[in-house]
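Thanks for asking me to look this one over.

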Amino acid sequence: MRTLILGGGPAGAAAAITLARAGAAPILVERAAQPVEKVCGEFLGADAASLLAGLGLDLPGLGAVPIRRAWFGAGRHRGDFALPFPAWSLPRMTLDAALLRRAAAEGAELRCGAAAVAAEPAREGWRLRLADGAVLEGGRLVLATGKHEMRGLARAAPPGALGLKLALEGVELGDAIALLAFRGGYAGLQPRAGGGANLCLALAPGTPGLAQAARDPAALLAMVRQGSALAATLLRHARPGWVRPLAVGGVPYGFIHGAAGPAGLFRVGDQAAVVPSLCGDGIAMALASGQRAGMAIAQGGTEAAHHAAWARAVRPGMRLAGVADGLMARAPSALVLAVAGLPGLAGWAARQTRMGLA
Ligand SMILES: Cc1cc2nc3c(=O)[nH]c(=O)nc-3n(C[C@H](O)[C@H](O)[C@H](O)COP(=O)(O)OP(=O)(O)OC[C@H]3O[C@@H](n4cnc5c(N)ncnc54)[C@H](O)[C@@H]3O)c2cc1C
């Protein structure tokens, strides 16, 4: 029986491309008719770039902006280092669309604009019920719904942070990204292909000013500007490109799915593990987990073996990413002073926190 894939983000698309290349044309169900903006900084590091090349995508050809430097700001301190690996920025709408086009070209069947309302075990595998009343049956189900839970199949994850994204005009970053500390967290500022920048952050429940920042771009900008001299400089002419920030709730940083689960259900992407966003590895993890699940299914592997292998592969990198994220959130000035004083060490640390998934 054909494999069903639920969700057409990087994880679902990578699984679809891999299965289609193995001759097992899957059916992919994605609720958005066209790719949409997602809460994501859109940073692609070396792992993501190499995985995307393997899946047949050409980042410069898609208009990705090269990223060569990272700036850090906390209070009056500022640090700057050269990234020790090639990195890019590409809008998720462009990336997700290109991945789905690739999946279709490889032979996957796409059902875009179709939301699944239920996913349930069937006599010989899995059944998806779609909002328009259609029912699909398949041997295995790849669950790639990202931060969205399917009823009855929700992740056993702790309560999470609120992720926010705001497109900005009037911000010039050149080939740099910036990490900007403020009271209660830090934000990433990243050049947007086509001009301007993305401001992206994840706030723990209880962060002062959270509710207002989530609905008011001016309040969000003020919160970040107050955190550092670097933010005040970079954002001095910033104009919000949207009437309100895009938000996603319950982002469970540090979550890793255990091996147990219903037979034939393969979790990938954010459904399998959620890495803190400081290191910008979420898309690489989504691509790698989708690809590995596709290979496991094509070779007749079990979901339990796949989940256990995935947990082993990502646990060390996620621990390091958690340490880096905790330092930036709780001791930003110390971290920024270290970056300023020892840029070589910062580059080394940036290399160590790569997940090595490609
Ligand atoms: C604040 C923040 C900043 C981040 N910045 C970065 C960054 O700079 N770089 C990076 O690499 N990662 C970053 N990430 C992480 C990254 O965005 C995610 O890890 C990645 O998008 C996960 O991909 P995915 O395919 O699992 O899920 P998604 O990209 O969320 O895709 C899931 C898809 O499933 C579909 N779907 C859901 N439910 C249904 C349903 N019922 N029926 C049909 N379709 C459905 C959705 O429409 C969606 O298209 C960031 C995350 C946050 C919160």
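1. Setting aside residues up to four places away in sequence, R31 touches G113, A114, A115 and H148. With H148 there is also a polar contact between the two side chains, at 3.1 Å. Please keep in mind that this is a predicted model.

2. Where does R31 lie? R31 belongs to the loop that runs between β2 (27–30) and β3 (43–44). Its relative accessibility is 51%, and since exposed means over 50%, R31 counts as exposed. For a sense of distance, L59 is 28 residues from R31 along the chain, and their C-alpha atoms are separated by 25 Å.

3. H148 turns up again when you look at T145. The side chain of T145 reaches the backbone oxygen of H148 at 2.7 Å, while the side chain of H148 has the polar contact with R31. T145 sits in the loop between β10 and β11 (161–169). Leaving aside neighbours within four places in sequence, the contacts of T145 are L6, M150 and Q271.

4. Is T145 buried or exposed? T145 counts as buried, because its relative accessibility is 13% and the cut-off for buried is under 20%.

5. Five strands form an open sheet in the order β6-β2-β1-β10-β17, with parallel pairing. β6 (109–112) and β17 (265–267) are at the edges; each has a single partner strand, so one side of each has no neighbour in the sheet. From one strand to the next, the twist averages 20 degrees.

6. At one end of that order, β10 (residues 141–143) pairs with β17 in the parallel sense over 3 bridges. If you want a residue to check there, L141 has L265 in β17 as its bridge partner.

7. R192 is buried, with a relative accessible area of 18%, whereas R31 counts as exposed. The side chains of R192 and E37 are joined by a polar contact of 2.8 Å. Not counting residues up to four places away in sequence, R192 touches E37, E42, V65, K165, A167, A197, N198 and W242.

8. Helix α7 (residues 282–298) passes a simple geometry check. Its 17 residues should span 24 Å at 1.5 Å a residue, and its end C-alpha atoms are 24 Å apart, which agrees. Of those 17 residues, 13 are buried, so α7 is largely enclosed by the rest of the structure. After α7 comes G300, with a positive phi near 80 degrees.

9. Finally, the whole chain. The protein has 10 helices and 17 strands, and its C-alpha atoms fill a box of roughly 65 × 40 × 40 Å along the principal axes. A compact globule of 358 residues would have a radius of gyration near 21 Å, and the protein's 20 Å agrees with that. Buried residues account for 55% of the 358. Among contacts between residues at least 6 apart in sequence, 72% join residues at least 24 apart.

Conventions
Residues numbered from 1 in each chain as written. Predicted model: local features only at pLDDT ≥ 70, side-chain atom pairs only at ≥ 80, totals over all residues. Heavy atoms only, no water. Buried < 20%, exposed > 50% of the residue type's maximum accessible area, 1.4 Å probe, protein only. Polar contact = N/O pair within 3.5 Å; in protein donor to acceptor, adjacent residues only side chain to side chain. Contact = heavy atoms within 4.5 Å. Pairing = 2+ DSSP bridges. Helix = DSSP H or I, 4+ residues; strand = E, 2+ residues; numbered from the N terminus. Axes fitted to C-alpha atoms, helices over the stretch in contact; angles between N-to-C directions. Expected span 1.5 Å × (residues − 1). Rg over C-alpha atoms; globule rule 2.2 N^0.38 Å.
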